[in-house]
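Hello,

Here is the structure I promised to pass on. Please open it first, then read my notes below.

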Amino acid sequence: MTLYVFSAWILALLFAAVVGSWYGSATAYALPGAVVLAGLTMLGLARRLPWYVGRPHPPEASAQQMEWAGQLCHNISSPSVTIQGQQITFANQAFLSLLNYRGRGDQVVGLPFTNLLHPVDHARFATLMAIAGGEDASDAEGVLRLVRSDGGAIKMHASISPLSSVPGSLLIQFSPDAAAVPVRDGVENSMSLVLDQLDLVLFKTDAEGRIAYVNRAWERLTGRSMADSRGRLLSVAIHPEDRDAVDRGMLSVAGGQLDHLNTEVRMVNGSGTVFWVMLRAQTCTLPDGDLLGVVGTMTEVTRRRRGEDLGSSRRYLNTLLANVPGMVYRGRNDPDWTMEFVSDGSVDLIGYEPWELVDNHRVAFGSLVHPEDREFLWAQVQANLAQHKPYQISYRIADVSGNYIWVWEQGRGVFSSQGELLAIEGFITDVSERRGAEEKARRRMWFEARTGMTSRAIFDALLAWTLHQSQVNELPFALLWVDASGLAEPVMSSSAEAAEQILATVARRFRPVNYPGAAITYLDNYQFAVLLTDFRAGEAARALSGSNEVIPAVSQLASRLVQELSAPLNVGGRDISVPVAVGIAIADARYIGAESMFAAARRAATQAAELGPGHCEFADE
């Protein structure tokens, strides 16, 4: 600024001398003298103004201080520069490499820093400089776009710090992780919105297979958020059986052993559902050949793959079973028994075409099962699947005309090597009238018709056998007498059909003791008996060996049962409470037979009822 004023003053003097010479010697001296006098007067007035007098003059940094600042910048591993005012005084090798100036530091030092800054960020840089140079000398942070030697822009997170030991100097450090700072220009926003609308999953990983970017389709496909997925291995979402192969393939692509990777793999979403995707990947490199990582796409192919597999199975099975009166199926383990494949035998068996049953296109197979058999069928299949055992069962099913026929089914679960249930497969065929009658009679013998519980005859036999084994082998068990007879009076005013429904509802509430190792029977007048031989469902930590350990476990089970049964019940359009009392008899040598143990449990239930609803009492004699 001083040089500019001095130059302007000299030009004014020359101009005055030339013009003065046109009008004679007096003017030639007077006009330059006037210019000199006016300049001196303006300088004197300017020095008296407050803005001039009070203007701070920052001290100049010494050569030793500048050398110290350069050494500090050199020792920092991240890209860094020091500036004095606006001028770059030192740039470390990481910064030079970042902008492709390696070995050309002399072309950077001495330049105004704004020469290496994208024009759209000049105003933001000025704001950050004002913050860093403020009175509190605090650090300033923000995102800046640097211009590389080839003209390309790179967005970096910048931190500007004042160097207190070097007057007027600032240290600027850059970090490549700008993801945490949501600063995007219009082009980036538009591109991100476009990519997030695609159903195709786009991803980028580093050389080790860790996710650097995924678009919104990743969340829709896997159920995992984009933010939580960044930094994690891509193979985390892959099925465990396919994970090693994917890891090897991605590393081979990143290492240059493979040009690209195309493979179909299984993935597992956040809810545990397994599905198939086509995974395509290839390397991502810079124009100079430097590897940035691996980029690729994912497309769900579950339906196509299932269609190919089922089409092949259908052709084979239909040829094999063309003359067999029965239906082969593959389906899902859900209450609708949703079918994935049905053989042509379904037409002869129930009158429905295979396509009408597959994926419940026209009717769900589960809706064809007789209402009285649905719960029985579900319970039997689940019990066998839990033990990885095949099942055989007879039940009634409606044909296309609505008529019920007896069928016999044999099936089993299809499990992965990890024990995951993938599907159920089996064969269903029609059975004769005699077989249906035999099955119905057998079920009446084993199960009480109204409640689905064990019949009284079978229960008595189980109790007698269990008591004998307990006394011989000293195995603990317990007998519960559950008294809900207080329901009899309000139910009397209901119809016979309503009374049966109420009884079935109460029977379903025995869920806390409805598991392998327990048996339940309906006695009469809303009274039930429960035989317990396995107390692990009561959350006991280990097998029980004595009555002192049985009592707490049985008490816990009985309390949960009372809580479940005591819930209000709708009778005749109004909710009524269910009074429940439980008597408990623990196996002991004093019981000489099943009847004596029944009597002890019944007396304990009577004592509990006298104490009030919800009480449980142990037999003491």
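Now the helix itself. α10 covers residues 240–255, 16 residues in total. From first C-alpha to last, α10 reaches 23 Å. That is close to the 22 Å expected at 1.5 Å a residue.

Which residues of α10 are buried? They are D242, V246, G249, M250, V253 and A254. Seen down the axis of α10, these buried residues fall within an arc of 130 degrees, so they line one face of the helix. An α-helix has 3.6 residues a turn, so residues three or four places apart point the same way. On the other side of α10, D244 and R248 are exposed.

Next, the whole chain. The chain has 621 residues, and buried ones make up 39% of them. It holds 21 helices and 22 strands. Take the contacts between residues at least 6 apart in sequence: 51% of these join residues at least 24 apart. The accessible surface of the chain is about 34400 Å², with 55% belonging to carbon and sulfur atoms.

Last, confidence. The mean pLDDT of the chain is 77, and 75% of residues reach 70 or more. Among the elements, helix α14 (residues 365–368) has the highest mean, 94. Helix α3 (residues 50–53) has the lowest, 45. Over residues 50–58 the pLDDT is below 50, and this stretch has four contacts beyond near neighbours in sequence. Residues 178–188 are also below 50, with 16 such contacts. Where pLDDT is low, the predicted coordinates should not be read in detail.

Best wishes

Technical notes. Residues are numbered from 1 along each chain as its sequence is written. This is a predicted model: local features need pLDDT of at least 70, side-chain atom pairs count only at pLDDT 80 or more; totals for chains, interfaces and linings use all residues. Side-chain values use heavy atoms; hydrogens and water are left out. pLDDT is the predictor's confidence in each residue, from 0 to 100. Helices (H or I, at least four residues) and strands (E, at least two) are DSSP runs, numbered from the N terminus. Contact means heavy atoms within 4.5 Å. Buried means under 20% relative accessible area, exposed over 50%, partly exposed in between (1.4 Å probe, protein chains only). Accessible areas come from the Shrake-Rupley method with a 1.4 Å probe; for residues, only the protein chains shown count as cover. The expected span of a helix is 1.5 Å times one less than its number of residues. The arc is that of the directions from the helix axis to the C-beta atoms.
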